[in-house]
Amino acid sequence: RGERRHITDNSRRLREWLEFHLMMGFDHVFVYDNSFAQDDGVDSLEPITDLFPGQVTRINWPSKVCNNRPGSGDNKGERSSQYAAESSCRLRFGAHANWLGSFDIDEYMVPMGDYTSMKNVLTDAYSRGKQILNFRSMRAWPRKELLSDPSNPEVQENRTFLQTYNCDPEKPPRQNTLPAEKEIYRSEYVLLHFVHYSTVTSVSVLSQNETDMAGLKWKDRYAEGATETPDELDAAIMLHSKTVLSEDTRSWNRQCKTRTYALTLFPMNKYDMRGHSAPCMVGIPFPLDAEPSQTGPVLTDDEGYTCNCFVNQKLEKEWIPKLEAALEMRGNVQL
C-alpha cells in the first residue's frame, strides 16, 4: 500500500489480482503486506492470501512506501521501502524461480494474440535470447456504462476491477505511455532491480577481458541487449487499473463533453506529466474498429460524451469471463 490512504479496496483487489495471475500461468506469488504500517485501522491481507494455499506466500512487511518524489514525472522517485521489499523478494526467493517480477495489485499482465499463458510468452522470449521483458504503463479509465454513478466511480460488487478498467486511452501498440514501466526478468541474469528497471545484470558486471572471454561484444557505454518489449497485439500487454477517486470525477459531466481529443485521447503526456487541465477520467469507449482523428470530428456516445478509450477485446471476451468463473468457483468470502 502506498500513500493514498483513502483507498480501501485492497483486499478485494488483491483477491481478484491473485486469481487472475495464477490463472495466467504464474506459479507462485509473494505478497509483501504492509497493512500494519498504516494508521487507519486496516487489517492484514492474510485472510485473502490464505485462500490460495501453496500458491501464495504472505510476507509481513510493516513499512510504508516512502515516495520522496511523488507524482508521475520523468523522475520515477525514490521508493525506499518498495525497493527494499522487492530486493528482499529477489534475494530470498530468486534462487527458486526462473523469472521474477514486482507488480502492484492494479497492474495486470495479459497474454495477447494466440497466447493463453504468460508462461508461454516468457518461454518464447527466452528462446530468442531475451532475459528481461519490459511492459509499458498507461493509466486506464473506469467505464461509464459499468459505473452506477461516475461522480463516485467505485467498482460495483457484481463487476471486476479488470472489466471496469478495461479501457485504455490508446489502442495497442501504445505510444504515449507513462515512465512507470514494469519488468519480468530472469532471476539468474538480473542481479539488482529497482522497481521499474534492471540496474545490474550478470553481463553488465563483466570487465572487458571477461566480456571478450564470454564471446560478447564489449562497449565502453553498456547498453542492455537482452531486453524486449512484448508486442502488445500479439504477445502481452499490461493494463494499469489505478483507482480513480470521486475527487477526480466530480466535474465529469463537463470534462467528458470536450470537443477535442487533445486532453482525452492523449491524456498521459498532457496531464499526468505536465500538469495541464485534467482530462475526463471516466472511460467513454470508442466504437469497435473506430479510428479517431486529431483533426476530424470527435466521436461521442449516445449521451454526447466524448469517446476517450478503447476496450481490449481479448480481455473482454476471453479473460474476464474466465476470471469471473474462477472467482465464483473459489466461493464468496466476506471481506
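A contact is counted here when heavy atoms lie within 4.5 Å. The structure described is a predicted model, in which local features need pLDDT of at least 70 and side-chain atom pairs count only at pLDDT 80 or more, while totals for chains, interfaces and linings use all residues. Residues are numbered from 1 along each chain as its sequence is written, and side-chain values use heavy atoms, with hydrogens and water left out.

The secondary structure of the protein chain comprises 10 helices and 10 strands, where helices (H or I, at least four residues) and strands (E, at least two) are DSSP runs numbered from the N terminus. Of the 335 residues of the chain, 49% are buried, a term that denotes under 20% relative accessible area, with exposed meaning over 50% and partly exposed in between (1.4 Å probe, protein chains only). The accessible surface of the chain amounts to about 16,600 Å², of which 47% belongs to carbon and sulfur atoms; such areas come from the Shrake-Rupley method with a 1.4 Å probe, and for residues only the protein chains shown count as cover. Among the contacts in the chain with a separation of 6 or more, 76% are between residues 24 or more positions apart.

A nonpolar core is a set of buried Ala, Val, Leu, Ile, Met, Phe, Trp, Tyr and Cys residues joined through side-chain atoms within 4.5 Å. The largest such core has 47 residues, and those with the most contacts inside it are L18 and F20. At least two residues of this core are supplied by each of several elements, including helix 1 (10-23), strand 1 (29-33), strand 4 (107-111) and helix 10 (313-330). Apart from this core lies another, of 11 residues, among them C280, F286, A290 and Y305. In soluble globular proteins, nonpolar side chains tend to be buried together.

When residues up to four places away in sequence are not counted, L18 touches V29, V31, I48, F52 and V56. F20 is found in helix 1 and is buried, with a relative accessibility of 0%. The C-alpha atoms of F20 and M109 are 9.0 Å apart in space, although the two residues are 89 apart in sequence.

An open sheet is formed by 4 strands in the order 3-6-5-9, with mixed pairing, two strands being taken to pair if DSSP finds at least two bridges between them. Strand 3 and strand 9 (227-228) stand at the edges, each with a single partner strand, so one side of each is left without a neighbour in the sheet. Helix 4 packs on the sheet, touching strand 3, strand 5, strand 6 and strand 9, and its direction makes about 125° with that of strand 5; axes are lines fitted to C-alpha atoms, for helices over the stretch in contact, and angles run from 0 to 180 degrees between N-to-C directions.

Strand 6 (residues 178-186) is mostly covered, since 8 of its 9 residues are buried. Strand 3 (residues 99-101) runs antiparallel to strand 6 and is joined to it by 3 bridges, with L100 standing opposite Y185. Strand 5 also runs antiparallel to strand 6, with 5 bridges between them; here L133 stands opposite I184, and L178 is the bridge partner of S137.
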